[in-house]
Amino acid sequence: MNYFAKDTQQVLADLNSSTDGLTTQEAEKRQQEHGLNQLTETKQKNLFLVFLEQFKDLMVMILIISAIVSIITGNIESSIVIFAVITLNAILGTIQHIKAEKSLNSLKELSSPTAVVLRNGNKVKIPSKEVVIGDILFLEAGDLIVADGRILNSYSLQVNESSLTGESENVNKTEEVIQQEKVALGDQVNMVFSSSLVTYGRAIVVVTQTGMGTELGKIASLMNATKEKKTPLQVTLDSFGKKLSIMILIICAIVFGLSLLRGSPVMDSIMFAVALAVAAIPEALGSIVTIALAIGTQKMAKQNAIIKNLKAVEGLGCVSIICSDKTGTLTQNKMTVQKIFANGSILELDQVSVQDAVQNTLLRSSILCNDSHYSQGKAIGDPTEIALVDYYEKVFSNSVATRETWQRLQEIPFDSDRKLMSTLHYIEDEYIMYTKGAMDVLLQRAEFIFDHGQIRPLSDTDRANIHEANQKLSQQGLRVLAFAQKTMDKNRSLTLEDETGYTFLGLISMIDPPREESAAAVRDCKRAGIKAIMITGDHKITASSIAQQIGIFNDGDCSLDGVELDQMSDEELSEILPTVSVYARVSPEHKIRIVDLWQKKGQIVAMTGDGVNDAPALKKADIGIAMGITGTEVSKDAASMILTDDNFATIVKSVANGRNIYNNIKNSIKFLISGNMSGILSVLYTVAVGLTMPFTAVHLLFINLMTDSLPAIAISTEPPAKNLLDEKPRGQNESLMTKDFILDVLAQGFLIAVTTMGAFYIGQMQSPEMASTMAFSTLCLGRLFHGFTCRGKQSVFSLGVFRNRFTLLAFGVGIAFLSCVLLIPPLQDLMDVVPMNGMQLGSMVGLAFAPTFVIQIYRVIRDAVQKNKR
């Protein structure tokens, strides 16, 4: 229903309402028919289902099958350990889900607003959720609008609709009919919308829509219809897990076949295959990834970024596009005076002199012809007027005293038709009327000009100069107000006829300025290979000006508005997409379209925003980033990350953290897989040459869970490198198992396997039990040493031996575990090991250290050669 195109009586008739409001009975009936005035929330997952979802993994399935086989073959201890590991991983995943839900709920502490409506002919205050269609709603300055409505009577009503449209400027509202069939939301000046804020005046409104039927509800519905995308880490780990699982199954089948060919009993062959599966699968991988992400989450929380989805932490690390809202995200969401025009010149603020009579009078008029004020430290009124108060207070520090000295005697309130506001004051034995408003309107009514301390007739040259100054300021994206004065004969009621014959004083320009840290953050984005894009509901000139100031808009870039977007096909827009840095006057659908086109180009897109209008795009984006202070609940629900300080610069820190977390996870996986590869190669070798099994299942589980887990966790805490932001974002389809990664895993695994089998042969000189003991202990200690190698690509000397104290701690604890197993008799029996003599112990330690020594020497030489080449 286009209520904006109908007169008030027709609207009331359509809604079966009247200016007398509804009765309680009628309101209850409508509430039953349309439901409560609130947004419907998506149903949360049952915790038991969340727990079960943790087992939806092929590697976990292989482990479960291995545990069942162990039970059948009588190896109960192994099966208990395997089940304990996968259950622990599931519990960790469920706990993290619960924590994420609690973090989100803690952000919903704002109490539900109330509304004043007409019920049974009386004004009553009710909870906003009880408002129904047809209610007569009373609005005053400071009220949060709780439903959509058609204005019946407007008394200088101004509304801030930035949460819906993204525009920070107030909208002047009227009750007049709009004679058009299709009107953009921001231009429906006879309507008010849920989640908007009344900043000035008052109004009487009839409610036309509630709950999910409001414009706010439509955006919430659009958001719910938008599917969330998997993060790059999810895609990478899913792909890696499947490939690894298939490879393990193939190898196990080969080993099983070889065992049968050698004449081994079927059950022994099965146990060989099960042992190999246990050796190959990094049981601690799920826990380590979860722990690494959780550590990153805690670190980011300290840096004012709350992560709702754990895997989104890493996703930030490969973001290549940041689509940012302007208002409140890149800017301060606070109008600020920038420049003034007086005495025929545009002046920067540091050039303003209060000793100058013209400038002094101009500033005085800006504070006296002004309805805004501060109450208990809170600014009340229009943002542009608040900006004038703030600037006057900054210059004189006595705005309250000024107003008390020269009190307002009469006034003509601001009117959107005439675009002027006038007030009368008694100043220095004269009645002075100050007027502010649109430059073109006020200049037409001016006959004189206050110039360099003298009042003289306004010439054509003066008018041309003022027009030129206004144009220059406007082209910089500044909002310009003109000021004038007129001497009145006495204290009397002002009329519209008095608003003529003015003496022109000057112009004051203002803007919602960029945050101080925005420019530095954008520079860091460029350094990191990330393109920052501004998407806003504001005007193109203003948006482009801000974007240019902070470095988003550069030479060769272009800007588009919503109308231009509508006229372009996806193919046309996709062609110029890399050059568009600013999108202005856009709708929620435009934002989703822009995000979608970048994603089709293979880019990882982050979308920042705080308004309801940002929510669908926040959900559509790979990483949605909402503002914690100014952000609406709908946008917070849609986002995967929330900035508690609303600071764009926090995103750059989060990107660095995300990249570091991915690198650490990759290094941890390399540590686990290369270590497991050494076990696989050792088992394959013994099967191929017909030797006895070098390890028991208990040996492999001990290595994987006890001595591998701690170094892997320690690697995941490695501090970020200083040049982390100098690297380009990795591609969306970049596999974890790159060529270099696979070669490193094979080479490092081969080295450890060679020394392990060397120890096996030394032990075999005594007995098969000693061979197994020496192979187990060499593999275990060798993987502990290997933890230092996997901290990064450089040698430990370049990385710093003591830079990550957790790796030293993990190594020490691992040595302690191994020592207990090798030296304490009860544990020797439990772990199937036999005591070693000094020579055997020394040989084991030397062989275990050899792979790490070789790799570190290679890296030292390689780093030196690369340094010389530079």
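Reply: Start with N343, which sits in the loop between β10 (336-342) and β11 (345-348). This is a predicted model. N343 has a positive phi of about 55°, although this residue is not a glycine. Is N343 buried or exposed? The relative accessible area of N343 is 12%, and the cut-off for buried is under 20%, so N343 is buried.

S156 also has a positive phi. The value for S156 is near 55°, again in a residue other than glycine. The setting is a strand: S156 lies in β4 (residues 148-160). S156 has a relative accessible area of 30%, so this residue counts as partly exposed.

Helix α25 covers residues 648-689. How far apart are the end C-alpha atoms of α25? They are 62 Å apart. At 1.5 Å a residue, the 42 residues of α25 should span 62 Å, so the two values agree. Burial is the other point. Of the 42 residues of α25, 35 are buried, so the rest of the structure largely encloses this helix.

One partner of α25 is α18 (residues 518-527), and the two helices pack at an angle of about 30° with axes 8 Å apart. Angles under 35 degrees count as roughly parallel, so α18 is roughly parallel to α25. Their crossing is left-handed. On the α18 side, the contact uses A521, V522, D524 and C525. On the α25 side, F648, A649 and V652 meet them. By class, this contact has six nonpolar residues, no polar ones and one charged.

The axes of α29 and α33 (residues 838-869) come within 9 Å and cross at roughly 30°. That angle makes α29 roughly parallel to α33. The crossing of α29 and α33 is right-handed. Which residues make the contact? From α29 they include M770, M774, L781, F785 and F788. From α33 they include M844, L847, F849, I855, Q856 and R859. The residues of the contact of α29 with α33 divide into eleven nonpolar, nine polar and one charged.

Beyond α29 comes S795. S795 lies in the loop between α29 (768-789) and α30 (796-799). The relative accessible area of S795 is 2%, so S795 is buried. What does S795 touch? Leaving aside neighbours within four places in sequence, S795 is in contact with Q856, R859, V860 and D863. Two of these residues, Q856 and R859, also belong to the α33 side of the contact with α29.

Last, a charged residue. E385 is in helix α14 (residues 383-396). Is E385 buried or exposed? With a relative accessible area of 6%, E385 is buried. Not counting residues up to four places away in sequence, E385 touches C369, N370, D371, S372, M421 and K436.

Back to the starting point. N343 is buried with its positive phi, whereas S156 is partly exposed. N343 belongs to a loop, and S156 belongs to a strand.

Methods
Residues are numbered from 1 along each chain as its sequence is written. This is a predicted model: local features need pLDDT of at least 70, side-chain atom pairs count only at pLDDT 80 or more; totals for chains, interfaces and linings use all residues. Side-chain values use heavy atoms; hydrogens and water are left out. Axes are lines fitted to C-alpha atoms, for helices over the stretch in contact, and angles run from 0 to 180 degrees between N-to-C directions. Helices (H or I, at least four residues) and strands (E, at least two) are DSSP runs, numbered from the N terminus. Angles under 35 degrees count as roughly parallel, over 145 as roughly antiparallel, 65 to 115 as roughly perpendicular and the rest as oblique. A crossing is left-handed if the near helix is turned anticlockwise from the far one by less than a right angle, and right-handed if clockwise. Contact means heavy atoms within 4.5 Å. Ala, Val, Leu, Ile, Met, Phe, Trp, Tyr, Cys and Pro count as nonpolar, Asp, Glu, Lys and Arg as charged, and the others, Gly among them, as polar. The expected span of a helix is 1.5 Å times one less than its number of residues. Buried means under 20% relative accessible area, exposed over 50%, partly exposed in between (1.4 Å probe, protein chains only).
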